[in-house]
Amino acid sequence: MTTQRSPIILGQLDLSFYAVQAELVRRVLERRGHPVEMRRGSHDAIYPLLGAGKIDVFVATWLPHSHSVFWDRYKSEITPLGMAFEGGESFWAVPDYIPAALVASVDDLKTPEVSARMRKRVQGIGAGTGVTQRSVRVVEAYGLADHGYGVVAGSDAQWIASIADGIAAGDWFVCPLWRPQFLNKKYRLRKLDEPRLCMGGLDTGRITAHNSFIARAPRDTIEAISRISIGIDAITDMDYFVNVDGCTVEQAVSRWLADPGPQGWLDGLAPG
């Protein structure tokens, strides 16, 4: 029987693809005897708590691009440990039924033939998120406002609904998107070239921890967190289970862990 250890406060951003990652981390911590208290919220709410040490472990910091504004603010207080995923990216995308010969890049959105058909409202998520802030930069850098385009911040549900409704209607629209995210599996969405890289380049999702937690936590707990590696495909699959198949977060994680490939994933995180 595992001896109970000190509680850990685990923070996550309030989106489903973070929730499945956090659930895996929670199970790793509980296996080591730590009661886990979850804190969920927006980027603007969670990062200050992490920086102040009111959250011990956080899932997940995108480096070096998408969460750079938060990393630059709190990097002296937090340390990257485990690996949630590699090769994450934020980008603009269009439905695949829009011909690639007409729309292959962000610049193509300005051509008269495309602009005449394209929905001009670019639905984003929270105003404080990297993907929405960077989308605003895209509009500015490419002169898209002159052609009627504008980014509108909103909830995760509004963003998902705008994509689902647009595809159901066969509309021409562009949307901010990222990987890992279940919509990449549910729909055929094509990434647009964006040569000025306003959306950033490839990111790594790191499980980060406040330095005070690292100083006081048992070494085997820190080692276990450091050995975590989840991956984009796994996160996308679990996110799909939640949003398409109707699983709870806990059911989605258990379903993934029961698959032949990930079987033994938790056991493989024993201290080396």
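Among contacts in the protein chain between residues at least 6 apart in sequence, what share joins residues at least 24 apart? The figure is 80%, where a contact means heavy atoms within 4.5 Å.

Before you start clicking, note that this is a predicted model, in which local features need pLDDT of at least 70 and side-chain atom pairs count only at pLDDT 80 or more, while totals for chains, interfaces and linings use all residues. Residues are numbered from 1 along each chain as its sequence is written, and side-chain values use heavy atoms, with hydrogens and water left out.

**The whole chain**

Show the cartoon first. You will find 11 helices and 9 strands; these are DSSP runs (helices H or I, at least four residues; strands E, at least two), numbered from the N terminus. The radius of gyration is 20 Å, close to the 19 Å that the globule rule gives for 272 residues, so the chain is as compact as a globular protein of that length. That radius is taken over C-alpha atoms, and the rule is 2.2 Å times the number of residues to the power 0.38. Along the principal axes, the C-alpha atoms fill a box of roughly 65 × 40 × 25 Å. Buried residues make up 52% of the 272, with buried meaning under 20% relative accessible area, exposed over 50% and partly exposed in between (1.4 Å probe, protein chains only).

**Helix H5**

Now select residues 130-141, helix H5. Colour Gly130, Val131, Thr132, Arg134, Ser135, Val138 and Val139, the buried residues of H5. Their cover includes H3, S4, strand S6 (150-152) and strand S7 (175-179). Following H5 is Gly143, with a positive phi near 65 degrees.

**Two cavities**

The structure holds 2 cavities of 30 Å³ or more. Here a cavity is a set of points, on a 1 Å grid over the protein atoms alone, where a 1.4 Å probe fits but cannot get out; lining residues have an atom within 4 Å of a point. Grid points are joined across faces, edges and corners, and a volume is the space filled by probe spheres set on the points.

The largest cavity has about 100 Å³ of space. Of its 13 lining residues, Tyr18, His43, His67, Val131 and Trp178 are the closest to its centre. Helix H1 (16-31) and H5 each supply at least two residues of this lining.

For the second largest cavity, about 30 Å³, select Ser6, Pro7, Ile8, His34, Phe213, Arg216, Ala217 and Pro218, which line it.

**Backbone stops**

Where are the cis peptide bonds to look at? One runs from Val59 to Ala60, with omega near -5 degrees, and Ala60 lies in strand S3 (57-63). Another joins Leu63 to Pro64, with omega near 10 degrees; Pro64 is in the loop between S3 and helix H3 (68-74).

Next, go to Leu197, in the loop between strands S8 (189-191) and S9 (203-210). Its phi is positive, near 55 degrees. Most residues other than glycine have a negative phi, and most peptide bonds are trans.

**Buried or exposed?**

Leu197 counts as exposed because its relative accessibility is 54%. Finish at Ser105, in the loop between strand S4 (78-95) and helix H4 (112-115). Ser105 is buried, at 15%, and touches Leu192 and Asp193, not counting residues up to four places away in sequence.

Technical notes. The expected span of a helix is 1.5 Å times one less than its number of residues. On a 1 Å grid over the protein atoms alone, a cavity is a set of points where a 1.4 Å probe fits but cannot get out, and a pocket is an open set with protein on both sides within 12 Å along at least five of seven lines; lining residues have an atom within 4 Å of a point.
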